[in-house]
Amino acid sequence: MGLASSARGSRNRRKIVSHPLLELVMTTSQSIGSHRAPWNKGRLTGQKPPLKLSEIWAIRTRLQLGANTRDLAMFNLAIDSKLRACDLIRLRVQDVSVGSQVGMRATVMQQKTHRPVQFEITGQTRECLQAWIRARGLSCGDFLFPSRLRSSPHLSTRQYARLVHRWVASIGLDTSAYGTHSIRRTKVSLIYRRTRNLRAVQLLLGHTKLESTVRYLGIEVDDALEIAEQTEV
C-alpha cells in the first residue's frame, strides 16, 4: 500500500514538473537570472572625490574662454555654497541678492533636513552671478538657473548632473568618477585639510550630526592619528 501511494505521488510530481507552461516559466527565469548583469558592473561605487584646486581653476578657465556665463556662475556658486543639487537648482535671485546686488552671504532652507544653512559668496562668484542675472534679465522672484525646457521652471538635478560631467570631462577627468557631490565636497575638503576643524565643516554642510560630516569627508584612521601626532599635551 505504501509503495503504491509512493509510486502514484512520484508520477504526479513528474506530471507537474513536466507541464509545458511550468517548464517555460522555469527556463525563462533561469535565462533571465543567468543574463542579468550586476547593477554596479562597470561603475565606480562609493564616495565621489572632490575636485583639486588646480582642477577648479582649469574648469573656470575653460568656462571663461567659452564665454559660458551661466555655467561659470553656476559652477562658482556650487563651489561656494556647498549645497546639495536639489537646493542649488531651486535657488531664486532673491536668495542671493540684496536689492539689485548679489550679497556676500546667503541663507537657504535645506530641502532634505528642513534646516537653514548659511554660505559665503566670494567676490568672483558675485561678479559672475551679477553678469548672468543681467544677461538673462532675471528679476528677484525668478529662479536663478531657469530650465530651457518648458516643462520645468528651473534646471533639474539630472540636467545639473550632466553639466557636472561636462565640466569634468572638459579637463580630461573620468566622468564616471565624479558627480554633483564632488562639487559639494570640494571646498569643505580643502577647509578641513587646512584647519582640521570638523565643527566648522559640519556647519557649512548643514549636517545635523558630526558623524555624518566624518563619513561625508571620508576621514580615516590615518587622518585621526595625524591630528593626534600634531597635538602635544
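This report walks through the aromatic pairs and nonpolar cores of a predicted model.

Some ground rules come before the tour. Residues are numbered from 1 along each chain as its sequence is written, and side-chain values use heavy atoms, leaving out hydrogens and water. Because the model is predicted, local features need pLDDT of at least 70 and side-chain atom pairs count only at pLDDT 80 or more, while totals for chains, interfaces and linings use all residues.

**Overall picture**

The protein comes to 12 helices and 4 strands, taken as DSSP runs numbered from the N terminus (helices: H or I, at least four residues; strands: E, at least two). Of its 233 residues, 35% count as buried, meaning under 20% relative accessible area with a 1.4 Å probe, protein chains only; exposed is over 50%, and partly exposed is in between.

**The aromatic cluster**

How many aromatic pairs does a search of the whole structure find? There are 2, and here they are:

| Pair | Centre to centre | Angle between planes | Class |
|---|---|---|---|
| Phe-75 and Trp-167 | 5.4 Å | 80° | edge-to-face |
| Tyr-160 and Trp-167 | 6.2 Å | 75° | edge-to-face |

For a pair, the ring centres of Phe, Tyr or Trp (its six-membered ring) lie within 6.5 Å; planes under 30 degrees apart are stacked, over 60 edge-to-face, and the rest tilted. Phe-75, Tyr-160 and Trp-167 make one aromatic cluster. Phe-75 sits in helix 4 (residues 69-81) and Trp-167 in helix 8 (residues 157-170), so this pair links parts of the chain 92 residues apart. Phe-75 is buried at 0% relative accessible area, Trp-167 is buried at 2%, and Tyr-160 is buried too.

Leaving aside residues up to four places away in sequence, Trp-167 touches Ile-59, Leu-63, Asp-71, Met-74, Phe-75 and Tyr-160, where contact means heavy atoms within 4.5 Å.

**The cores**

A nonpolar core is a set of buried Ala, Val, Leu, Ile, Met, Phe, Trp, Tyr and Cys residues joined through side-chain atoms within 4.5 Å. The largest one has 41 residues, and those with the most contacts inside it are Leu-51, Phe-75, Leu-144, Tyr-160 and Trp-167. Helix 4 brings the largest share of this core, 7 residues. Apart from this core lies another of 6 residues, among them Val-188, Tyr-192, Tyr-216 and Leu-217.

**Charges over rings**

Arg-60 lies over the face of Trp-57, 4.6 Å from the ring centre, and the charged end of Arg-92 sits over the ring of Phe-143, 3.9 Å from its centre. The test here is NZ of Lys or CZ of Arg within 6 Å of the ring centre and within 35 degrees of the ring normal.
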